[in-house]
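Keep the structure open beside the text and follow along.

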Amino acid sequence: MARAPALTRRMIWLGVGLLAASVAIAVFVLPARGPSKRRQLPSPVAASAAVRPAEPAIVQPPADTRAVCRELVQRHSGTPPVTDSAAPSDPALFDNRPDGTEPVAAAHWAFARPRAAAPPEIADRAWARDAIDRFVEQRREAEQLAHSPEADKATLIRRLSLDLLGLPPTPEEVDAFVADSEPDAFERLIDRLLASPHLGEKSAIRWLDLARYADTNGFEFDAQRTLWLYRDWVIDAFNRDMPFDQFTVEQLAGDLLPDPADSQQVATGFLRNSAVAPDTMTHRFEMLVDRVNTIGSTWFGMTFSCAQCHDHKFDPLTQQEYYQLYAILNNSIEEVTGAAYVGETLTAASPLTGELATTLVLAERGEPSITYLKVRGSPAEDGEQVEPGFPAFLHAPRCGDGDRLALACWLTDADNPLTARVAVNRLWESLFGIGLVRTSDDFGLRGELPSHPELLDWLAVDFQRSGWSNKQLIRRLTMSATYRQSPVVSTDALERDPQNRLLTRGGRFRVDAEVLRDIALSASGLMSTNLGGPSVFPWQPPGTSENVEFAAFHWRVDQNENRHRRGLYTHWKRRTLYPSFAIFDAPNRTSACARRERNTNPLQALVSLNDPVFFEAAVYLGGRMLDETDGSPAAAITRGFRLCVGRFPTPQELPLLRSLFDAEQKRLLDDADAALALVGGSDVAARFPHRRIADWAACAVVANSLLSLDETVCRE
Amino acid sequence: MVDVSENMIDRFSRRAFLSRSSAGVGSLALASLLSQSSQASATSATPLPGVSHYPARAKHLIFLFMAGAPSQIDLFDYKPKLNEFDGRTADRELLGDVRFAQLRPRNPNAPSKLLGSPYKFRQHGESGALVSELLPHIAGVVDDLSFLKGMKFDEQVFDHPFAQLTLLTGAPLEGRPSLGAWLSYGLGSENANLPAFIVLMSNLLPRGGSGTSSSGFLPSVHQGVPFNCHGDPVLFLANPPGVTADARRRSVETINSLNALRRDLIGDPEISTRIAAFELACRMQTSAPELVDLTREPKHILELYGAEPGKQSFANNCLLARRLIEQGVRTVQLVDLDWDHHGDTPARDLMGALPRQCASVDRAVAALLSDLKQRGLLEETLVVWGAEFGRTPIDERRPGTIHLGRDHHPFAGTFWMAGAGIKPGQTLGATDELGFMAVERPTEVFDVQATILHLMGLDHERLTYRTQGRDFRLTDVYGSVIGELLA
């Protein structure tokens, strides 16, 4: 096809767009936007007193974000309304450089639209369960590496439970699955897990890293803020399998949708999560810069911050373009709103049902703000005025480029080469331990190439075609033979595929800090299964948040079941992160975090052995070991072992634990004080005979060891 | 509170300018080689293979971080001319056309006045260095010190937290690895029973937060581990009630036997790392309480430092620092707060609070130096005294205050370095006659960082880590080794 010069084409489009706009407005008028539609609370006093019964909820079906984007496209480009929003426009539109130079898209794989190649033919056809497996197997065959056999069923159910829910399976669940010999047992298990409201909790953890969700402002004073409704919105969105394009649009521009529902306002908390510097003169600048950078990390899978000061050194993002994105965000104002919102999948167990809570949201200013490029990234030095716009190294906008709504539609446009790839890769990373693009935080020119480029593209296209369904993607990935492989690694595979990039085995990796806590609480039976609500204050070492100059905060440990809520509900204090989380590599969420480190160090050993939170769990797990068996050592140990890792202990393992139990039982029978101290003090003494207390304490020591096992803290 | 300057915060500008020049690019090739090997050592504090760029002059670093910024004008930077002009209006005629928030009069009706030092200075030792009467003990070891009296700081980093982060991590934002973390990353630990980087606080975290000792994007094994002289020496170090040392040993043996079985079955080498981590944790449980137990020191040593076992104090931390260095710990960072003498409250008064603060560190610092020297440890230990700012030669005179104070100041400050690889008894750099501005051989925190790395055997331009799509280093694109200081 002969190429028309890009500039000419752009002018043609512009002309058509203008013409079409006048028509479109008559067809579909976007409603007036502004803060007036929101229930604004008059003062912080009212805000804190907002815990009262809700007014009758105004039932308003949330806007269909896909339809809104479609209308935007129609308004701006004049393309006829299409029913399939995922229908891509002419691929030639990639050539959008005004000067007609070679488009960057052609130069870097990640900037060209993914195309779904047919899954390749492989030698071992019987092995493959899904197209995924054919891509993976082809690469392995090329390297003359073999796949691993399927993992045993106890491993599989624990793997699935941890990956999807962030919780270990109960021994009963393991038994039921092992006993289920129907051919669709695995599929039914996946579907059961996909329907659990805990799925949203697990999925939210890493999204909240990107969204830099925290309960404090950060910076020097690190004051508290109330934004947990946003956290709940994320959990609920995952539970309801909100399509990723809608998920994007609501978080970036929920307030700009026609007649936005409360939930859509709440979603804009994504942008509001910025840390807030106490310095009033620069804090708006810092906040907007943070938002541009966050959008870069989250949807582009790229680090934008370099372009704040100068054209990006490695990636084709100019400083001008950086401030064009900044200009889009510069029109927003910060608001506090009372929202009658409880995520529908959280209502059953939520402590807050029916109450009106306040949260921070974003709204659009009436008058557009003028944005200037900041010379050398300095808020004090205005350069040229810049208009809102999108980076030219990606597809030309079909939906306008003036505001956040246009940005969100552009990001989820079928032409966008990055959004689906970045999202799919992130989910792959969460299920396999390492992304197809290992640098899941860098899809730019300096990022690593994908290990399986055709597979990544195939999945990205499939994701879009499926209507951006997260659950369908999880289902597809977990159903694959690749996912089901055993974690056992041969010396040969370890040498030739040390990081498991070629997927020669099932991924094996330590769980996230929050999940580690959940495993301990769940195995011990202490865990509260309440969903959502204000952040909670579990025990932490006294002084952790008090002993900070200027940001001292009194951490009042919750005395009710909130002590034992799941990790993700812990009050996220940016300057003094919950200690056991910090030790297990959770980020402080001052800025967007696209990838957590996964380290192993001695401080972690001290957490699982000695942190009173983990030791309390051990004591309760010890109690369960006795209560839920006939109390014989072998039965108690086996029960504890299975509550932690699912499977039965082997004939080599059991004696090791048995001798620990015997030694401890002997010690604690002789030392009544130690036994009492271990299980929690004198009130126990009156209720049980000493023999029973010694057994319990010995079980607690065994449980303490079980909770520290590598296998317990890993997902295999 | 600190006002925002009229010419505003432009903390990114110099950074941006320099990074557009070719300054940071030359090292990329080597950097990528290094960062590959960095992945391999991501889980343990072992040195990077081949990363030592020079023969190391120093094996250990003790950084005396005087958070808040001590007044160099009242401690080390003697300015007779300033004393002569005491009380004169600090106008342009005297100071030139410099604009900075800290120089604007706090009280519009009372113009800023120069403030000479109310303290007497005297020459000490063979080097004849001038030290004020507030630090008589440090004056006694002054021949071991080399001063940097032309320190200046980024004027766009206008407040303490950001300046503290710049001093210790090279950037005014949280998230970068700190100096001690870089040293741990580059050089590893010399004692398998202890972390390579230990932080000792006189009381609280500094305003820069835990970011001042964080591992940033480096593996968390390199983070600064806070040790305490009282209570639990390390977070979660103590066994739970009813769990004896024997019981703990049995537990960890069982855990590691089970982990070893799992490793043999699964073949995952990460399990070996976890086994090693549990072993180190166990050894720390044994070694750390002994190590922090200052009652094991003889009485004359306790007296030398002014240490009182069981207390949390800077003096105790100095003694503990020596004990940690003896055990092979790479970096000990001592954090002492309360040097922010603005004169707005009695607790920040130049006349009352400053002498008290000096007294709380003077004896201990001198004791640390002489104790290290006497044990031959000063030959392999670099000791650095520094802060995030200096202070102004002007009476800050906040409205309504009856106290004397000086604002923190980016244009002049004093650091000193002593010990391994340092040519002692020197003074490098100088401020103008009024102590307002570093004018002779000015040095910056990046130069100090580069010099520390150099003395420890590392090239600050080649010690890099690749993350977020680029290579990072402690000194970013700045810094050069202060050659004149080296022995």
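## Two residues with positive phi

Ala69(B) sits in the loop that links strand E1 (60-66) to helix H3 (72-75) of chain B; helices (H or I, at least four residues) and strands (E, at least two) are DSSP runs, numbered from the N terminus. Although Ala69(B) is not a glycine, its phi is positive, at about 90°. Ala69(B) has 26 other C-beta atoms within 10 Å, so it is buried. The cut-offs are these: a residue is buried if 20 or more other C-beta atoms lie within 10 Å of its own, exposed if 12 or fewer, and partly exposed in between, with C-beta atoms placed from the backbone.

In chain A, Asp585(A) is another residue other than glycine with a positive phi, near 70°. Asp585(A) lies in the loop between helix H22 (579-583) and helix H23 (602-610) of chain A. Asp585(A) counts as partly exposed because it has 19 C-beta neighbours inside 10 Å.

## How to read the model

This is a predicted model, in which local features need pLDDT of at least 70 and side-chain atom pairs count only at pLDDT 80 or more, while totals for chains, interfaces and linings use all residues. Residues are numbered from 1 along each chain as its sequence is written, and chains are lettered from A and ligands numbered from 1 in the order in which they are written.

## Where the chains meet

The contact between the chains takes 71 residues from chain A and 63 residues from chain B; two residues are in contact if their C-beta atoms, placed from the backbone, lie within 7 Å. On the chain B side, the elements that give two or more residues are helix H1 (13-20), helix H9 (245-266) and helix H10 (270-292). H9(B) gives the most, with 12 residues. By class, this side of chain B has 34 nonpolar, 18 polar and 11 charged residues (Ala, Val, Leu, Ile, Met, Phe, Trp, Tyr, Cys and Pro count as nonpolar, Asp, Glu, Lys and Arg as charged, and the others, Gly among them, as polar).

Now look at H9(B) beside helix H26 (residues 653-670) of chain A: their axes come within 10 Å and cross at roughly 175°. Axes are lines fitted to C-alpha atoms, for helices over the stretch in contact, and angles run from 0 to 180 degrees between N-to-C directions. That angle makes H26(A) roughly antiparallel to H9(B), a term for angles over 145 degrees. Residues making this contact include Leu656(A), Leu660(A) and Glu664(A) of H26(A), and Arg250(B), Thr254(B) and Leu258(B) of H9(B). The contact has seven nonpolar, three polar and four charged residues.

## Inside chain A

Helix H5 (residues 131-142) and helix H18 (residues 453-465) of chain A have axes that come within 9 Å and cross at roughly 165°. H5(A) is thus roughly antiparallel to H18(A). In their contact, Ala131(A), Ile132(A), Phe135(A) and Val136(A) of H5(A) meet Glu454(A), Leu455(A) and Trp458(A) of H18(A). These residues divide into six nonpolar, no polar and one charged.

Which residues does Pro633(A) touch, not counting those up to four places away in sequence? They are Arg658(A) and Phe661(A). Pro633(A) belongs to helix H25 (residues 633-645) of chain A, and it counts as buried because it has 20 C-beta neighbours inside 10 Å.

Key. Parallel < 35°, antiparallel > 145°, perpendicular 65-115°, else oblique.
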